[in-house]
Amino acid sequence: MTAKDRQTEETHLSNFNVAGAAGSTCEPDLSDSSDGVVKDGTAFSSVNISMPDLQIFLIILLLLTTIWMIYYVVYTARKENAVVYKDGHAGPVWLRGGLVLFGILSIIMDIFKIAGYVGYLHCDSAVKVVFPVVQLVFIIVQTYFLWIHAKDCVQLHRNITRCGLMLTLSTNLVLWMTAVTEESLHHTELCTLIENIILLSSCALSCFTAGYGDDKCKCSHSSCSVFKEAYYYLYPFNIEYCLFASAMAYVLWKNVGRVIDDHSHHKIKFTLRGVFFGPLIGILLVVAGLATFIAYEMQIQQDDIDDEGKEEAVMIHFVMNIVIVTMMSLSSVIGLAVYKVDHREHVSDKNPTRSLDVGLLVGASLGQFVISYFTIVAMAATGAKGYLNRLNLTWAILMVIQLALQNFFIIEGLHREPFHEVQPVVTVVENPYVLQIGKELNCLEASKMESKLSPIPISHSLHNHADEHRPKLLWKRRVLKEVCVFLLLGNVILWIMPAFGARPQFDHDTETEFYQFNMWSVIVNVGLPFGIFYRMHSVASLFEVFQTS
């Protein structure tokens with residue numbers, strides 16, 4: 001750092017300290033900046049929108065969307081011929097079950113928020129209590145609405161329904177962006193990485209999180225900090241809830257006015273029969289990943305951690321992730337090899353659910369692709385010196401490979417017809433006996449003999465026929481199911497780690513020094529939420545592929 005940069009940083013810090021002592025609301029004076037770097041172009045400069053203003057806007061959106069959903073449930077859906085057709089592919093039970101699970105956890109998060117914000121009512125805006133109350137009601141209504149009507153192909157009030165569904169989709173996306181922003185700022189430790197204009201980001205963080213009470217507003221009960229930490233840990237579930245709801249609202253919107261013949265949709269029961277190695281290895285991988293993640297988080301968050309301890313924690317995290325993505329890549333290759341010898345036909349009919357699944361899968365994976373790409377560039381430019389840099393480069397390259405292979409495997413599986421047990425044609429089983437009886441006996445004797453003999457040979461023939469065909473299909477089905485379950489569990493642990501706070505991108509500082517923190521934080525905080533959603537969406541898609549295998 002040059003003498004000029006050091007002087008500039010000290011000037012920023014002194015301005016920040018003076019402003020904080022004077023009770024400033026995070027508006028540092030940038031007019032005296034010697035280099036003029038931060039006068040224009042930052043997202044946080046001259047922004048006078050407070051948290052209550054944003055929450056009032058969100059409350060209006062939530063109320064409008066809730067009113068429309070109640071209108072649809074009470075009036076539109078009950079009219080005669082309003083819903084004549086149902087899309088059997090839309091809103092499968094596992095997707096609606098996930099929505100309910102994340103909805104329950106989101107409701108608990110709102111309850112914690114209410115309990116925490118109540119402690120600041122005597123000195124802070126009441127809007128901060130009203131917002132989680134309204135959001136709680138919205139989640140209850142929306143979960144019921146999507147559980148009951150996810151498969152509807154609405155034929156009446158089409159324009160109103162399309163507008164209402166677009167409002168629902170937009171509201172969930174706004175809630176998602178708000179939650180992602182707050183979650184990213186919460187996990188990004190800006191104060192430890194002050195570099196040039198990072199002071200602005202730190203100031204914005206203070207303004208953003210000051211909504212929970214600052215030095216001038218003391219909580220009236222002693223549990224505020226507990227509720228705050230509790231609801232931050234529930235943010236990932238609320239983020240996923242918003243995305244699940246957005247996807248289901250989009251499919252509903254695509255199905256408005258759609259006339260379909262759904263006789264081709266086969267109901268497939270979920271069963272783990274014959275699947276052993278995939279769940280076993282996957283569970284072991286999840287347990288190992290959780291153990292290393294917990295150790296990593298505990299060590300990184302120590303106040304007195306030295307550089308050696310920090311490097312050790314990051315190394316363990318890198319190694320575990322390399323093992324996970326390597327095993328998942330190999331599993332995807334095995335699955336793709338099975339598809340090469342699998343002669344099931346490709347699905348040709350148009351399906352908005354499948355098209356959305358593929359689009360979200362590819363689009364969401366771009367978030368992790370971008371982070372890995374910039375990591376590879378930084379490592380290559382700096383020579384990847386040191387074992388941590390080499391591990392980081394290896395992880396980034398393997399992540400790109402794993403994403404490509406897994407996308408190929410899932411998309412191929414989603415476009416294959418489901419496996420069906422081959423049943424023998426009735427005439428093939430019965431005709432040999434009927435013909436033989438017809439040649440040797442008269443009609444009366446034939447009818448008597450047929451009634452006595454047909455049950456045993458037909459049953460025996462069916463059994464033999466099933467045994468004849470099952471070995472050819474069983475190994476393909478079993479391998480695909482093993483691969484699906486293992487990849488599903490692998491994506492679960494890769495979702496858990498970043499969703500609950502793992503940020504090796506900031507704990508390892510090569511990229512930060514190469515790109516400067518303001519640029520690198522934008523790359524990570526934009527790409528990582530999409531990467532997190534990709535993992536959860538992959539779990540849903542792999543479940544679908546598992547069922548059709």
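Is Leu165 buried or exposed, and what is its relative accessible area? Leu165 is buried, at a relative accessible area of 2%, where buried means under 20%, exposed over 50% and partly exposed in between, with a 1.4 Å probe and protein chains only. The model is predicted, and local features need pLDDT of at least 70, side-chain atom pairs count only at pLDDT 80 or more, and totals for chains, interfaces and linings use all residues. Residues are numbered from 1 along each chain as its sequence is written, and side-chain values use heavy atoms, with hydrogens and water left out.

The chain as a whole sets the context. It has 18 helices and 2 strands; these are DSSP runs numbered from the N terminus, helices being H or I of at least four residues and strands E of at least two. Of its 549 residues, 48% count as buried. Residues 24 or more positions apart account for 90% of the contacts with a separation of 6 or more, a contact being heavy atoms within 4.5 Å. The accessible surface comes to about 27500 Å², and carbon and sulfur atoms hold 64% of that area, as computed by the Shrake-Rupley method with a 1.4 Å probe, only the protein chains shown counting as cover for residues.

Leu165 belongs to helix α5, residues 158-187. Leaving aside residues up to four places away in sequence, Leu165 touches Trp68, Phe145, Ala249, Leu252, Trp253 and Val256. The C-alpha atoms of Leu165 and Val256 are separated by 9.6 Å, although the two residues stand 91 residues apart along the chain.

Charged pairs come next. The count comes to 2 salt bridges, each defined as a side-chain nitrogen of Lys or Arg within 4 Å of a carboxyl oxygen of Asp or Glu. In one, the side chains of Lys86 and Asp152 meet at 2.6 Å, N to O. Because Lys86 lies in strand β1 (residues 83-86) and Asp152 in strand β2 (residues 152-154), this pair ties together parts that are 66 residues apart in sequence. Lys86 is partly exposed at 42% relative accessibility, whereas Asp152 is buried at 1%.

The other pair joins the side chains of Arg478 and Glu482 at 3.5 Å, N to O. These residues are 4 apart in helix α15, so about one helical turn separates them. Arg478 is partly exposed at 37% relative accessibility, and Glu482 is buried at 10%.

Rolling a probe the size of a water molecule over the atoms shows where empty space is left. A search of the whole structure finds 6 cavities of 30 Å³ or more; on a 1 Å grid over the protein atoms alone, a cavity is a set of points where a 1.4 Å probe fits but cannot get out, and lining residues have an atom within 4 Å of a point. The second largest cavity has a volume of about 160 Å³, a volume being the space filled by probe spheres set on the points, which are joined across faces, edges and corners. Its lining has 15 residues, of which Gln368, Trp395, Leu494, Pro498 and Leu528 lie nearest its centre. Elements that give two or more residues to this lining are α10 (307-340), α12 (387-414), α15 (455-499), α16 (504-507) and α18 (517-548). The largest share, 4 residues, comes from α18.

Key. 1 Å grid on protein atoms, 1.4 Å probe; cavity = no way out; pocket = protein on both sides within 12 Å on 5 of 7 lines; lining within 4 Å.
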